[in-house]
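Please keep the sequence and the model in view while reading.

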Amino acid sequence: MNKRFKKIISLLICLAMLFTLTACSSSTNTPKETPKRTSDGLSFTPGTYAAEAPGRNGILKLEVTVDESRILSVKVLEHSETAMLSDAPIQQIPQKIVEGQTLKVDTIAGASLTSGAILAAAKEALTKAGGDINKLMQGVEKEKIQVQDAETDIVVVGAGAAGMIAAIKASALGKDVILVEKMGMLGGGDTMMASTLLNAAGSSVQKELSIPNSSAEDFYKQLDGIATQKNMPADRTTLKTYADRSGAMVDWLVDLGVPFGRITNTFQHKIKDGSAPGTHIVAALSKELDAKKVDYRLNTKATSIIMEDGKATGIEIETPDGNYKIKAKAVIVTTGGFSNNPELLAKYNPTWLNRPTTGSASLTGDGIIMAEKVGAALYNMDQVKANYLAHVLEDGSAVSLTAINNHTVLVNHDGKRFVNEDHGSINYKSEQMMMQKGHEAYAIFDQTVIEDLKLMKGYNDSGYFISADTLEGLADKIDVNKENFLKTMKDYQSYTINGEDKEFGRKISDPIDKPKYYAALVTPSMQSTYGGIKVDETGHVISTEGKVIPGLYAAGATSGHGAAAGEVGYALIVAVVFGDVVGEQAATDIK
């Protein structure tokens, strides 16, 4: 990496540390007015100036237009940032720079890297324009928002797939709903990070493609078989419920605009162009929330559940503008897991403490902590997902490469395979990798992946992968024993021809023989957790005494739903199905 690029990265990190999270709206999802600079004193050389800075997925290009004394426009011209995740900063930060005539703009919670890239590029452009950066970094007066208590039928805490779907379902059943989310965007938890597929059975997509043995009963038998084989504590009622309802939920998402259109391994629904499903799902659900006119409040953190006479009757809210309460007849907790909470990881599964994370920064176990304080039982708290295909970026964050699972060979620094890459347990593969030098390995794949998976093409364009026209050339660029590596790849390709993996018994579907060849350095990360608030089959929260806590519900990764989603079930479809189940149940229970 050249010195200029490193300098830009350092600038981005410094800027990100300077700015606080974006201000909270305490009553609606309508953006409040941007504060204006009280006295300008700014001076520029008129013109349009271009600049760039590295974001999460690559270089972001921007231009700024100024006259003698004002910033006239800030435009993001090109970027490779994740759809939906980058929408808020790209739309809001340039507007705030112009309206406030300042670079002292709050970053968007959950999108700090994109926010920092915009601000770093804007700073460089305004420096070229002769602007006084010290003046531009001065804050401006902010209008104080008067917060006030609110009341609704149902309050949903956490706007991932489970929370958004619960809010949509309850609203469709005629209930007033308020959805609160501590991050600066909808879907900023596990849902936005979903990069591969959604497992389901009996969908219209499967029927149109004539996929055999893809019924709900087939799906349940598979889940039951996995749980039995692995001796996992999976609740069969939960497995049966989401197997039966999964196909209908996929059809509903397709109707909302999610472009599922490819099926692999019978039940795996993928986006037609190979892009990540998470952003498509978040976009579709966001539009449906707007269509249903659901009151959702971003940058709004729930801090506690209000209990009256043993019943949940609302939540307490914290915002920079003040604290307030939302009274409700039902509280649905869908705040995600705790993969970014070191204290909870140390308590329940210290094996994966202090690992990089491919999960969202929002996954700090807030809902679990709040529910436990009001008497909720916890269940399966040791169930986690350690992602062995995590590629760590220079800033210490990580991206998941699980989309290439069926198209990669794993080799250690000695140039040898060490695990069946198709093994059914993702945690087992992570454990095997932790025994390798540096707790890491190279994922080796070919041009097929780049052509087939849009997400991976984007990562390659961002410089995450090492490539060469031949395997010999690739071996020269990565830190492996070249002789062993070339033998490993030759043997692997021969297994494809012979139909038998003599080393690990893998069912090989991709020979990895189409140039170019690629390598990504990967290491196990802490991605998701699948234990949480104990619930029954319809999402009622169960107390430590084994009784339903009236008015309190949970779904998704924040709930101990018994699906053992890290090893038996599949987290995304669990969130989708039980978001729908719990929204319906809460609406039905309200008198």
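A residue is called exposed when its relative accessible area is over 50%, and buried when that value is under 20%. The model discussed here is predicted. The points below turn to one helix, then to the nonpolar cores, and finally to a pair of helices.

**Helix H15**

- Helix H15 spans residues 454-461, and its buried residues include Leu455, Met456 and Tyr459.
- These three lie on the same side of H15 because they cover an arc of only 95° around the axis.
- On the face turned away from that buried side, H15 carries the exposed residues Lys454 and Asp461.
- Strand S15 (398-400) and helix H14 (447-452) are the elements against which the buried residues of H15 pack.
- After H15 comes Gly463, with a positive phi near 85°.

**Nonpolar cores**

- The largest nonpolar core contains 96 residues, and Ile154, Leu198 and Tyr242 have the most contacts inside it.
- Helix H18 (residues 571-589) contributes the most to this core, namely 11 residues.
- Beyond its neighbours within four places in sequence, Ile154 is in contact with residues including Ala170, Val177, Ile332 and Ile590.
- Another core, apart from this one, has 34 residues, among them Ile326, Ile533, Val535 and Ile549.

**Helices H2 and H3**

- The axes of H2 (residues 87-100) and H3 (residues 112-128) come within 10 Å and cross at roughly 35°.
- The crossing of H2 past H3 is right-handed.
- Pro89, Ile90 and Ile93 of H2 are among the residues that make the contact, as are Ile118, Leu119 and Ala122 of H3.
- The residues of this contact comprise 8 nonpolar, 2 polar and no charged ones.

How values were computed:
Residues numbered from 1 in each chain as written. Predicted model: local features only at pLDDT ≥ 70, side-chain atom pairs only at ≥ 80, totals over all residues. Heavy atoms only, no water. Axes fitted to C-alpha atoms, helices over the stretch in contact; angles between N-to-C directions. Helix = DSSP H or I, 4+ residues; strand = E, 2+ residues; numbered from the N terminus. Left-handed = near helix turned anticlockwise from the far one by under 90°. Contact = heavy atoms within 4.5 Å. Nonpolar A, V, L, I, M, F, W, Y, C, P; charged D, E, K, R; others polar. Core = buried A, V, L, I, M, F, W, Y, C linked by side-chain atoms within 4.5 Å. Buried < 20%, exposed > 50% of the residue type's maximum accessible area, 1.4 Å probe, protein only. Arc of directions from axis to C-beta.
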